[in-house]
Amino acid sequence: MPDTLLDMRGITKAFGGVRALDGIDLTVRRGEVVGLCGENGAGKSTLMKVLSAVYPHGTWDGTIHWEGQELKAGSIRETEAAGIVIIHQELMLVPQLSVAENIFLGREPRAAGGFIDFDAMYARAAKLLADLRMGHINVARPVADYGGGECQLIEIAKALSKNAKLLILDEPTSSLSRSETETLLGIVRDLKARGTACVYISHKLEEIEAVADRVTVIRDGTYVGSAAMADITAHDIIRMMIGREMTSLFPREDHPIGAVVFEARNVTCLDPHNTRRRRVDAVSFQLRRGEILGIAGLVGAGRTELVSALFGCYRGPSTAELFLDGQPITVRNPRQAVAHGICMVPEDRKAHGIVPGLGVGQNISLSVLGRYAGAGLIDEHRELQDVGAAITRMRIKTASPLLAIARLSGGNQQKAVIAKMLAPAPRVLILDEPTRGVDVGAKYEIYKLIFEFVKQGMSIIMVSSEMPEVLGISDRVLVMGEGRLRGDFVNDGLTQEQVLTAALTPLDAAA
Ligand SMILES: Nc1ncnc2c1ncn2[C@@H]1O[C@H](COP(=O)(O)OP(=O)(O)OP(=O)(O)O)[C@@H](O)[C@H]1O
Ligand SMILES: [Mg+2]
């Protein structure tokens, strides 16, 4: 086919004894957007690392044809020169370097005499970011000054500066807000109009539906099929991904809700860099036994700050009056929180959730309790049994409990983090974006676990940006906006519109 840009055939790749990819085919035509779908651990990122020569030719089997020629690239440099540019799932920016230096790392514009032409570099970086509607970013400042969504867009600017013929986006929106996601989808469409092809990986199927011309699905390292997006629905993709029908995405179960267990009054968090600004402003709420309390709101509404203050890990000045069973408690650090039976699964697993160099099993058994209370003697036999049970229960896909956790696929790392926080059996479990980067099947498993826990009397506070998830499993929903509580709804047929309206309407304006 003359318009075929990329043709991968029979790609097979093993790590040790485990086959991550087993005879995968993938074709991309010029200017086409192909959605690559599959459950956590299916092999999507690995396939893209084969294509971009993160895994060089010779470390895998099969063939890659690029613009009609066989490609046997030995390094990323070669694939980039050919026009294949990848934005990895885990960001690769250097925090200490400036935004512009990151964008042009290794390709800095030079002036006569060979010196880096900073003026040209800053101007080009600023132009790229302005095109991404990120003109407010100061390209001379270090990347460390910017948050997750901004870093993601800086990575995208970097990729765009390389004039790709094929752009690979591996979970590009996991830390983007709704409007940033819209911007990104617009960019993908613009690029396509200019003839740039794209492989788009996302667990958010509405994004795949919005941009993909065609979809290729893989499962457990094997090829399932490809279809034109016009011929299939998100439902079909899910069935191909998990290999069975999925009738409901939310396994809602009736469960009794008891008396108030936990209460927070006047939680206030000041911005660490500007203490006159309140990130959370006098938020109060109650949590009942067996209740699932969802916290919704737009990015920057103060949700993560609020729950961090409850867990004693907010990075700045904060005050709160907390009560457990009606008695005042003090929580100045996570150790005190855990001692009171309050545990949290943090939003950013890379920074707080995992110890990358340790095995999956060690990460799970390294529960907050053990870590802070001093483990004493460890019963290794018991530990192995518990870890084995957790891996089975959470369906964590790992070759062995001893495999370094950083080697797991993104979603499987998330499941391991949740398993770890459940080891001390808390009374109040705080989950901050628990299913970020997790596939639909695994999400379902996580929700099932949440319902199991509340049936046993645990209470859950769940921060989530995914509205269907908040509405799908919460008993009650708190809505935050600009650090304040803007709504407290019993979830009895609550709609997205009601939540969004509350998030966007300041209380004084509503009054
Ligand atoms: N360097 C490695 N060493 C050992 N195993 C690995 C390595 N990289 C990936 N794997 C394994 O290969 C399989 C495929 O992983 P991959 O990261 O490609 O999945 P994925 O489809 O991108 O999943 P996710 O949606 O969670 O990002 C997984 O079982 C993973 O544990
Ligand atoms: Mg991946």
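Modeller: A crossover is right-handed if, with the strands pointing away from the viewer, the path from the first strand over the helix to the second runs clockwise. This is a predicted model, where local features need pLDDT of at least 70, side-chain atom pairs count only at pLDDT 80 or more, and totals for chains, interfaces and linings use all residues. Residues are numbered from 1 along each chain as its sequence is written, and side-chain values use heavy atoms, without hydrogens and water.

Colleague: Thanks! What makes a right-handed β-α-β unit here?

Modeller: Strand β17, helix α16 (residues 440-455) and strand β18 form that unit. Helices (H or I, at least four residues) and strands (E, at least two) are DSSP runs, numbered from the N terminus.

Colleague: How do you know that β17 and β18 pair?

Modeller: Pairing takes at least two DSSP bridges between two strands. β17 and β18 (residues 459-463) have five, in the parallel sense, with I430 opposite I461. β16 (residues 342-345) also pairs with β17 in the parallel sense, over four bridges, and I342 stands opposite V428 there.

Colleague: Why is β17 called mostly covered?

Modeller: Buried means under 20% relative accessible area, exposed over 50%, partly exposed in between (1.4 Å probe, protein chains only). Five of the five residues of β17 (428-432) are buried, so the strand counts as mostly covered. V428, I430 and D432 lie on one side, L429 and L431 on the other.

Colleague: And what makes T46 a polar contact of ligand 1?

Modeller: A polar contact is a pair of N or O atoms within 3.5 Å. A polar side-chain atom of T46 is 2.6 Å from an oxygen atom of ligand 1, so the pair qualifies.

Key:
Chains are lettered from A and ligands numbered from 1 in the order in which they are written. A polar contact is a pair of N or O atoms within 3.5 Å; within protein, one must be able to donate a hydrogen and the other to accept it, and residues adjacent in sequence count only if both atoms are side-chain atoms.
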